[in-house]
Amino acid sequence: MGEIDLSADDAHQVFDRMQMLKAFDETKAGVKGLTDSGLLKIPTIFVRPPDELAEESTYKKTQIQVPVIDLSEIKNSDRRKNIVEEVRIAAETWGFFQVVNHGIPRTVLDGMIDGIREFNEQNIEEKTKYYTRDIKRMVRYHSNFDLFSSKTANWRDTLSISISDHIHPQELPASCRESTLEYSKHVSILGNTLLELLSEALGLKSDHLNKILECSKGHRISSHYYPPCPEPELTLGTTQHSDPGFLTILLQNEIGGLQVFYQDQWVDIEPSLGGLVVNIADLLQLVSNGKFVSNKHRVMANGIGPRISVACFFSGPVREVMVYGPIKELISEENPAKYRDVILSDYLLKFLNTGLDENLGLDYYKL
C-alpha cells in the first residue's frame, strides 16, 4: 500500500531513457561527439518537457542590461567608495554585474578561451583520459555532472579543475595547462578584490569575507564547451539554477546565450570585450542573511558555435570542516537570522548529487 505503480509504458520509457543516458555517457565523447557525427536532430534525452517549451513564449523580451562596474581607479579612496556603492546596489538587486578594467590582461583571457577550445577539439583519445564522474578527482572532464539525476540533459561538455595546494601542474591536460594556471593566478587576485568590496558593501571590514570566512580559499574552474546545436529551440545549454558557493567570475567568448532572471523576465547578458561577469552565489546570500541575492540564470543553446565559457567558483575551503551561517554582525532583533548553519562539505555534496533542475537552492536551508 502507498507505493506508486508505474504503468508498463512509463516503466519502459524510464528504462529506455536510462539506457540512452548510459550509452551516451559510455562514448566519453560528450555533446561534441554528437555534433561531430553530423546528426540533424537532437537525442530525446536533451529535449525539454513540453510545458517548459510552452512557457518560453510567455516571457517578455527586454533591452535592459546588467550593471557594468569599472574597477580602474579602485585604489583612489573617493572612487573606491563609489565602486563599493555600485557593487552593493548590484549585489542587492541583480545579484549580477559585469566588471571592466579588472586587471587581468586580455592575452590571459584569450589564452584561457583558446586553451579550452584546444582541449575540446583535440584527439578524442586524449580527452577521454580525463573523463570521469568521480567528484573526488581534481581534474574531471564530463558532459552534464547531473546527467543521471536531471530530467533533461544540457547541450554542453565541461572540464572542471579544482585549484588548490594539493594539485600538481602535471595533472592538468597539456592543451590548457599553462593557460589555466596563468588565468587561475589572475582570477584569484580579482576574486579577493571583489570579496573585499563586497565585505565593505555589507558594512564590514574589507578582509571579513576573505580572512574570517575564508571565502576565497581554493577555487574551482569549470570550463564549458557548447557546440552548435541543430535544434537549439528544443534544449538548453545550461538549465536555470543558482550557484552554490560564495562568488562566481565568468569569462565568455563572443557568442552569447547567458541569461539572468530579473523582475520576472529573462535578461540577456551580452559578452563584452575584455569584460567579466560576476554573480553572487547561494552561500554569500546565506552569510549576508539575504542582503545580497543569488539569482537564477541559464544558458540558451545556439545554432552557431562553439560557445566557450569559463566559470571560476569561489566556494571556500571545501576539504576542511567549515560551518557557515548568517554573519553575526548582520543579525539583530529587527533582522533575525533567515537561514540555519550549514556544514560546507555536506552542503556542496548535496548540490552535486541533485539535478540542477531539481535543486531548491537556499529554500532548503531557510529557518
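Strands E2 and E10 are joined by 4 bridges and run antiparallel. In this pairing, Val99 has Leu276 of E10 as its bridge partner. Keep in mind that you're looking at a predicted model. On to another neighbour of E10: strand E7 also pairs with E10 in the antiparallel sense, again over 4 bridges. Here Thr248 has Asn279 of E10 as its bridge partner.

Zoom out and you'll find E10 in an open sheet of 8 strands, in the order E1-E2-E10-E7-E12-E5-E4-E3, with mixed pairing. Its edge strands are E1 (68-70) and E3 (139-142), and each of these pairs on one side only. On average, neighbouring strands of this sheet are turned by 20° against each other, direction ignored.

At the E1 end, the pairing is with E2 (residues 96-100): 3 bridges join the two strands, and they run parallel. Val68 stands opposite Gln98 of E2 there.

Helices lie across this sheet too. Helix H4 (residues 77-93) lies across E1, E2 and E10 (276-280), and runs at about 160° to E1. Helix H7 (residues 177-201) lies across E2, E4, E5, E7, E10 and E12, at about 135° to E7.

**A second sheet**

There's also an open sheet of 4 strands, in the order E6-E11-E8-E9, and its pairing is antiparallel. The edges are E6 (236-241) and E9 (265-268), each pairing on one side only. In this sheet, neighbouring strands are turned by 30° against each other on average, direction ignored.

| Strand pair | Bridges | Residues opposite each other |
|---|---|---|
| E6 and E11 | 3 bridges, antiparallel | Leu236 and Met300 |
| E8 and E11 | 3 bridges, antiparallel | Leu258 and Val299 |
| E8 and E9 | 4 bridges, antiparallel | Val260 and Val267 |

Leu236 is found in strand E6. Is Leu236 buried or exposed? Its relative accessible area is 4%, and buried means under 20%, so Leu236 counts as buried. Leaving out residues up to four places away in sequence, Leu236 touches Arg48, Asn154, Trp155, Arg298, Val299, Met300 and Ala301. Met300 in E11 is also the residue that stands opposite Leu236. As for Thr354, that residue is 118 residues from Leu236 along the chain, and their C-alpha atoms are separated by 18 Å.

UniProt, in an unreviewed entry, lists residues 217-317 as "domain: Fe2OG dioxygenase". In the model, the end C-alpha atoms of that span lie 5 Å apart, and the span is 6% helix and 46% strand.

The buried residues of H5 are Val108, Leu109, Met112, Ile113, Gly115, Ile116, Phe119 and Asn120. Seen down the axis of H5, these fall within an arc of 155°, so they line one face of the helix. Here's the general idea behind that: an α-helix has 3.6 residues a turn, so residues three or four places apart point the same way.

Which residues are buried in helix H10 (residues 344-352)? They are Leu344, Tyr347, Leu348 and Phe351. These cover an arc of only 90° around the axis, which puts them on the same side of H10. What covers the buried residues of H10 includes helix H9 (282-287), strand E13 (323-324) and strand E14 (342-343).

Terms used. Residues are numbered from 1 along each chain as its sequence is written. This is a predicted model: local features need pLDDT of at least 70, side-chain atom pairs count only at pLDDT 80 or more; totals for chains, interfaces and linings use all residues. Side-chain values use heavy atoms; hydrogens and water are left out. Two strands pair if DSSP finds at least two bridges between them. Axes are lines fitted to C-alpha atoms, for helices over the stretch in contact, and angles run from 0 to 180 degrees between N-to-C directions. Contact means heavy atoms within 4.5 Å. Buried means under 20% relative accessible area, exposed over 50%, partly exposed in between (1.4 Å probe, protein chains only). UniProt positions are given in the numbering used here, feature names are shortened, and annotations may be inferred rather than shown by experiment. The arc is that of the directions from the helix axis to the C-beta atoms.
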